[in-house]
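Thanks, everyone. I'll take a few minutes to walk through one model. Please have the viewer open.

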Amino acid sequence: METKMTKEQFIDRVKALQSVKSVKGVTYSRLTVVGHICTGIRESTGQWFEISLDKLYAAYVDIDEKDLNTSTLKKYVDRRQSPGLAILKAII
């Protein structure tokens, strides 16, 4: 069984990201972490998003990596599943 990252390691990995691509090729850029919130912009629409890293970390801990998808993320980061999934895939 693989060892999960600590919350601090998880946040440090997110902080190191500048942009990520979704499974459908959408680019999320200008990723910034302030406290336990990650913000960024969806390049194709110019729409900003905000994700709680506490909730994203809970999803990382609770959901098996092979089961990670936008549906399983919905209860953790509703309406932010695509950038949330792209972030998770980029750091694990």
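I'll cover the sheet, then the helices and the core, then one serine.

This is a predicted model: local features need pLDDT of at least 70, side-chain atom pairs count only at pLDDT 80 or more, and totals for chains, interfaces and linings use all residues. Numbering starts from 1 along each chain as its sequence is written, and side-chain values use heavy atoms, with hydrogens and water left out.

Sheet first. Four strands make an open sheet, in the order β1-β2-β3-β4, with antiparallel pairing. Strands here are DSSP runs of E, at least two residues; helices are runs of H or I, at least four; both are numbered from the N terminus. Two strands pair if DSSP finds at least two bridges between them. The edges are β1 (20-21) and β4 (47-52), each pairing on one side only.

β1 pairs with β2 (residues 27-34) over two bridges. Val-20 stands opposite Tyr-28, and Lys-21 has Thr-27 as its bridge partner. The hairpin of β1 and β2 has five residues between the strands, and Gly-25 in the turn has a positive phi of about 90 degrees.

Next, β2 and β3 pair over five bridges. Val-34 stands opposite Ile-37 in β3. Their hairpin has two residues between the strands, with Gly-35 at a positive phi near 65 degrees.

Now helices. α2 (residues 53-62) lies across β2, β3 (37-42) and β4, at about 65 degrees to β4. Axes are lines fitted to C-alpha atoms, for helices over the stretch in contact, and angles run from 0 to 180 degrees between N-to-C directions.

How do α1 and α4 pack? Their angle is about 105 degrees, with axes 10 Å apart. That is why they count as roughly perpendicular, a class spanning 65 to 115 degrees. Phe-10, Arg-13 and Val-14 in α1 meet Ile-87, Leu-88 and Ile-91 in α4. Contact means heavy atoms within 4.5 Å.

On to the core. A nonpolar core is a set of buried Ala, Val, Leu, Ile, Met, Phe, Trp, Tyr and Cys residues joined through side-chain atoms within 4.5 Å. The largest has 28 residues; Leu-56 is one of those touching the most other members. Leaving out residues up to four places away in sequence, Leu-56 touches Phe-10, Ile-51, Val-77, Gly-84, Ile-87 and Leu-88.

Last, the serine. Ser-22 sits in the loop between β1 and β2. Buried or exposed? Ser-22 is buried because its relative accessibility is 9%; the cut-off is under 20% relative accessible area, with a 1.4 Å probe and protein chains only. Beyond four places in sequence, Ser-22 touches Tyr-28, Ser-82 and Ala-86.

Methods
Buried < 20%, exposed > 50% of the residue type's maximum accessible area, 1.4 Å probe, protein only. Parallel < 35°, antiparallel > 145°, perpendicular 65-115°, else oblique.
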